[in-house]
Amino acid sequence: MQPIIELNQVYKDYPQAGGRQTVLHGIDLRIAAGEFVAIVGPSGNGKSTLLNLIAGIDHPSRGEIVVAGHALQNLGNERLARWRGEHVGIVFQFFQLLPALSLLQNVILPMDFLGRLPKRQRRERALQLLDSVGLLGAADRLPSQVSGGQQQRAAIARALANDPPLIVADEPTGNLDSASADSVFDLFSHLRDRGKTLLMVTHNEALADAASRKLEIRGGRLHADSHREPR
Ligand SMILES: Nc1ncnc2c1ncn2[C@@H]1O[C@H](COP(=O)(O)OP(=O)(O)OP(=O)(O)O)[C@@H](O)[C@H]1O
């Protein structure tokens with residue numbers, strides 16, 4: 001079966017005073033549809049960089065990245081943005097909701113970007129998604145009027161707005177207390193049950209242990225790749 005994510009000899013370097021810093025050193029990776037993958041490893045070793053390349057947020061310096069049938073290194077910024085909107089839901093550590101918009105409007109936004117659904121259906125779908133994360137009653141509140149855990153649940157609803165096959169999350173519980181982290185954890189478990197492919201950078205051991213596969217990145221290289229039965 002064709003993997004949903006395929007990386008061949010992917011390098012990423014950044015300009016640095018006096019030269020360039022190589023952050024990823026020739027990563028080769030295949031991830032099948034429906035896998036729940038945790039990316040772990042020490043700080044500053046390239047985990048977020050790897051996630052951003054797979055999500056089409058950043059371009060590789062060299063190598064090939066094929067996600068959901070598209071060779072990302074060949075897409076210009078505009079096509080990449082459209083590709084992201086259709087194929088990837090992104091969840092960040094600091095939620096990244098737009099502060100001037102209600103939770104409902106934040107969830108509608110990715111659907112507005114694609115323009116696939118009529119306006120009324122976008123609103124109905126956003127309300128259903130907010131309901132599914134327990135936030136129907138808070139739909140009209142601004143992000144600043146709800147807790148961090150609620151903001152992250154709204155961000156997960158937003159990530160699902162266009163029903164993407166791939167969800168990527170960078171430290172999704174990193175800024176949450178343990179009760180909020182648990183509820184976010186439960187939502188991710190449901191996503192796995194619904195057949196989404198999940199890729200997550202996390203320092204949260206419980207979350208990493210719930211994954212079916214753990215990739216350890218050290219020094220910009222794939223140091224370990226372990227599969228397991230999810231708990
Ligand atoms: N946009 C950028 N410009 C220059 N250097 C960067 C950029 N993004 C990341 N780096 C550098 O790349 C290296 C890897 O960063 P990355 O964020 O991928 O690590 P990480 O493993 O995710 O760390 P953490 O667990 O702390 O989030 C770091 O040295 C970082 O400073």
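Visitor: Which residue in β8 does I39 stand opposite?
Guide: V201. Keep in mind that this is a predicted model.

Visitor: How many bridges join β3 to β8, and do the strands run parallel or antiparallel?
Guide: There are 4 bridges, and the two strands run parallel. Strand β3 covers residues 36–40.

Visitor: What packs on the sheet there?
Guide: Helix α1, residues 47–54. Helix α1 touches β3, β7, β8 and β9. Its direction makes about 150° with that of β8.

Visitor: Back up a bit. What is the strand order in the sheet?
Guide: The order is β6-β7-β8-β3-β9-β10. That is an open sheet of 6 strands with mixed pairing. From one strand to the next, the twist averages 15°.

Visitor: Which strands stand at the edges?
Guide: β6 (88–91) and β10 (221–227). Each has a single partner strand, so one side of each has no neighbour in the sheet.

Visitor: New topic. Which residues have the most contacts inside the largest nonpolar core?
Guide: I39, I54, V107, L130 and V168. The core has 62 residues.

Visitor: What is V107 in contact with?
Guide: Leaving aside neighbours within four places in sequence, V107 contacts A126, L129, L130, A154, A157, R158 and A161.

Visitor: And R194, where does that lie?
Guide: In the loop between α6 (178–193) and β8 (197–201).

Visitor: Is R194 buried or exposed, and why?
Guide: R194 is exposed, because it has 10 C-beta neighbours inside 10 Å, and the cut-off for exposed is 12 or fewer.

Visitor: What separates the C-alpha atoms of R194 and I31?
Guide: 17 Å, with the two residues 163 apart along the chain.

Terms used: Residues are numbered from 1 along each chain as its sequence is written. This is a predicted model: local features need pLDDT of at least 70, side-chain atom pairs count only at pLDDT 80 or more; totals for chains, interfaces and linings use all residues. A nonpolar core is a set of buried Ala, Val, Leu, Ile, Met, Phe, Trp, Tyr and Cys residues joined through C-beta atoms within 7 Å. A residue is buried if 20 or more other C-beta atoms lie within 10 Å of its own, exposed if 12 or fewer, and partly exposed in between; C-beta atoms are placed from the backbone. Two residues are in contact if their C-beta atoms, placed from the backbone, lie within 7 Å. Two strands pair if DSSP finds at least two bridges between them. Axes are lines fitted to C-alpha atoms, for helices over the stretch in contact, and angles run from 0 to 180 degrees between N-to-C directions.
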